[in-house]
Amino acid sequence: MDREEVLNILKESGALLTGHFLLTSGKHSDKYIQCAQVLKYPEYTERLVAGVVKQLKGNYDLVVGPAIGGIIVAYEFARQLKVPALFTERENGEMALRRGFEIPEGANTLVVEDVITTGGSVKEVIDIVRANGAVVNDVAVLVDRSAGKAKFDGANLTSLLQTNIQTYETDKCPLCKGDVSIIKPGSRSKK
């Protein structure tokens, strides 16, 4: 899958947005990728995940992703890899493994997410997986907004699309200076 094909899918599904956005990091941006819009289409999700799976070199026992964005992505990665899928979720503001999910000690685990900017949620998932005695050598995401800058403590990052969408500190945001209304589209707030 080439970059243009991925961008076309994101545009066709309404996932690639322009405007004035407040990101989870607290920064502002004029572009936002709302993967929930593309993940509502199973055929697009299957194609996008297949594009990442083709790049992976490891063998996995398990796939884990963070709620909310990582649930559908984890399921589709696991379906294609023919392994179980789990997800973590926030409990009292902290990422946790719930619902009776267990991560077997020594399991070679693929951690996945829809979109990363700083990779904060992915890092929390990695910590949980490793705390359970499992191994994380690889992280896979559909969209890497960090343009390869996000690092995951020894785990390799594979993405379908790398992009470096411009972000601004609140006090330096040209959209704020232009009095453009701001939208907070993400699923969580900065701690």
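I looked up Arg99 first: Arg99 forms a salt bridge with Glu89, with the closest N and O atoms 2.6 Å apart. For a salt bridge, a side-chain nitrogen of Lys or Arg lies within 4 Å of a carboxyl oxygen of Asp or Glu. Arg99 sits in the loop between strand S5 (94–96) and strand S6 (108–116), and Glu89 in strand S4 (residues 85–91), so the pair ties together parts that are ten residues apart in sequence. Strands here are DSSP runs (E, at least two residues) and helices are H or I runs of at least four, numbered from the N terminus.

A note on my source: this is a predicted model, where local features need pLDDT of at least 70 and side-chain atom pairs count only at pLDDT 80 or more, while totals for chains, interfaces and linings use all residues. Residues are numbered from 1 along each chain as its sequence is written, and side-chain values use heavy atoms, leaving out hydrogens and water.

Next I checked accessibility (relative accessible area, 1.4 Å probe, protein chains only: buried under 20%, exposed over 50%, partly exposed in between). Glu89 is buried at 10%, whereas Arg99 is exposed at 57%.

Which other residues join in? Glu89, Glu91, Arg98 and Arg99 are linked in a network of salt bridges. Glu89 also meets Arg98 (3.4 Å, N to O), and Glu91 forms a salt bridge with Arg98 at 3.4 Å.

Last, I looked at the hairpin of S1 and S2. It has five residues between the strands, and Gly26 takes a positive phi near 95 degrees there. Leu16 stands opposite Ile33 in S2.

Methods: Pairing = 2+ DSSP bridges.
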